[in-house]
Structures are given as C-alpha cells and as structure tokens.
Amino acid sequence: MKKIGVLICVSLFIVSCGARKKVKTTTKKNDVEIVIEEETNEDIIVVSEEVNPKKSNDVKQQYIDKYSKIAMEEMQLYKIPASITLAQGILESSSGKSALSKRSNNHFGIKCHKGWKGKRTYHDDDEKGECFRVYKHPSYSYRDHSLFLAGRKRYMDLFRLKITNYKGWAKGLRKAGYATDKRYPSKLIKIIEDYQLYKYDALVLGKSVEEVKNEKVDYHIVEKGDTLYSISRKYGLSVNELKEINGFTDNIISIGQKLYLTRLN
C-alpha cells in the first residue's frame, strides 16, 4: 500500500503539505508535555474548505467525508485508530459546528495546559473561562491530537491494545482522563458503529472490514473467581504464556486488573 499521505497530497487541493512548524518537547513529572510553536519539519495535511464534492444533509457524514483522509494519515504515523480520531472529532467539535472549532479550529477540545506557546482562547467547559488551544487550520488540530495522546504516559496503555480495538480505545480514553462524561465511551462507539468508521482502520491496515470487525479481544478484566488458569483456558493460552505477556513473576491477580492476551508489537 502506498503511503496514504502521498495519495492525499495528489488527490486533494492542499493549502500546505510539508508545513514548517516547531515541535518542542519538555518533561513535566509523569507526563511529556508537547508544545507546538510556529514552525516544524513535520508534514501537516491541510485540506481545502472545498475538498468535499458530495452533497449531504447529514453533518456527521459531511465531517467524515472531509477529514477521513487526514485521520487515516494520522493513524499511519501515530498508531491511533482513524475510527477513534474521527469519532472524537465529531463528538468534541459537534461535527465542526461548535463555537470552539469554528473560531479556533480546535476539533478535539484540547486545553492549553502548561507549556503551550501558541495562541489561546477562553471558553466555558468543566469550569468557566477555561483556556483552549487555537490552531491556524483544523489539520493542525488533528496533528496536535496525535501528539497529545502519543506523548503522555497516561495514554500509553491505549497503545498496547490492538489498533482495531476501537471499543478498548473509547473506554481507555475516559479512564485516562480525556473526558469526564461517563457516557463518553458509549457515545464514541455509537458514532463509530453508526457510520462504520472502522472501515477507515481497515483501509490503513490493508484488511477487509470483516477482518477488522472480527478481531479477537486483546485483554481481560479480572473478575471475582478468576485465576490465571481459568483465564488462560478461556482464551486458549497456557498459564506461562499469560504470565509472559503480562510480565508476571507469580500467580497473583486482583479483581479489576487488566490482563493482556496478545504480545506487544
């Protein structure tokens, strides 16, 4: 499969492909704070406002048609499912219609946080007058979203999941603190399944949609009565394989613990 980024640059009207914008990284306690300034050597895919020739009254579908190629490019570069990126963009930006996304090109509700050197705006969210990042174009918001997840330790467990496990990603995002809404995972999953966004994951991976939908579960949450032996039998593994995958030196497990069932890539 040729690199998706190349296809995008050829097939779409591009305002900037290979934009220059500095990416500065600083470490703060347990998190890696990624700061985006004005110039970098990273390729940013910037889509023209007239990119979508399709006519549709469905604002979510319009959004998908417009940004799906960028989401696939980000998946290829940063290993974040395109389905998750698109669903978050739709949910966080109200399909690009929210005041924050229209005024500031911020499609993922990313707040300023310490170290942000770019432009900022203030918007009521969990608290009144919170600081949010401002971008020159939505494409920069997509890249910053990738960097935001990939550069913080609290999201690292997500990258241990199979890239096709959009349900695990949806639940893991809330658990890691991306959103406070208890229904955040179910909202993302509904958008993904209503619009079959997993088909974009399949395109990036060069797999069929059915292959992606039928991928095996890659982790197990320990419940009362579980043992390593019962779990290993349930998933067709040996106890030693289960221990090796999870780095265990003994057989002790606890209720609510997440046990991985596949080795890391």
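These are my notebook entries on what I looked up in this structure.

**Entry 1: overview.** I am working with a predicted model. I began with the secondary structure and found 11 helices and 8 strands in the protein. Next I checked burial: of the 265 residues, 46% count as buried. I then looked up the surface. The protein exposes about 14500 Å², and carbon and sulfur atoms supply 49% of that area. For contacts with a separation of 6 or more, I noted that 57% join residues 24 or more positions apart.

**Entry 2: the cores.** I looked up the largest nonpolar core, and it has 51 residues. Tyr-142, Leu-149, Tyr-155, Leu-173, Tyr-178 and Leu-197 have the most contacts inside it. I listed the helices that each supply at least two residues of this core: H2 (59-78), H3 (82-93), H5 (138-150), H6 (166-175), H7 (184-194) and H8 (198-205). H2 gives the largest share, 8 residues. Apart from this core I found another, of 7 residues, including Val-222, Leu-228, Leu-242 and Ile-253.

**Entry 3: Leu-173.** What does Leu-173 touch, leaving aside neighbours within four places in sequence? I found Ile-84, Gln-88, Leu-149, Tyr-155, Leu-158, Tyr-178, Ala-179 and Leu-188.

Entry 4: I turned to the largest pocket, which holds about 540 Å³ of space. It is lined by 23 residues, and Glu-92, Gly-109, Lys-111, Asp-125 and Tyr-178 are the closest to its centre. I noted that H3 and H7 are the elements giving two or more residues to the lining. I sorted the lining by type and got 10 nonpolar, 6 polar and 7 charged residues.

Notes. Residues numbered from 1 in each chain as written. Predicted model: local features only at pLDDT ≥ 70, side-chain atom pairs only at ≥ 80, totals over all residues. Heavy atoms only, no water. Core = buried A, V, L, I, M, F, W, Y, C linked by side-chain atoms within 4.5 Å. Buried < 20%, exposed > 50% of the residue type's maximum accessible area, 1.4 Å probe, protein only. Helix = DSSP H or I, 4+ residues; strand = E, 2+ residues; numbered from the N terminus. Contact = heavy atoms within 4.5 Å. 1 Å grid on protein atoms, 1.4 Å probe; cavity = no way out; pocket = protein on both sides within 12 Å on 5 of 7 lines; lining within 4 Å. Points joined across faces, edges and corners; volume = space filled by probe spheres on them. Nonpolar A, V, L, I, M, F, W, Y, C, P; charged D, E, K, R; others polar. Areas by Shrake-Rupley, 256 points an atom, 1.4 Å probe, with all protein chains shown as cover.
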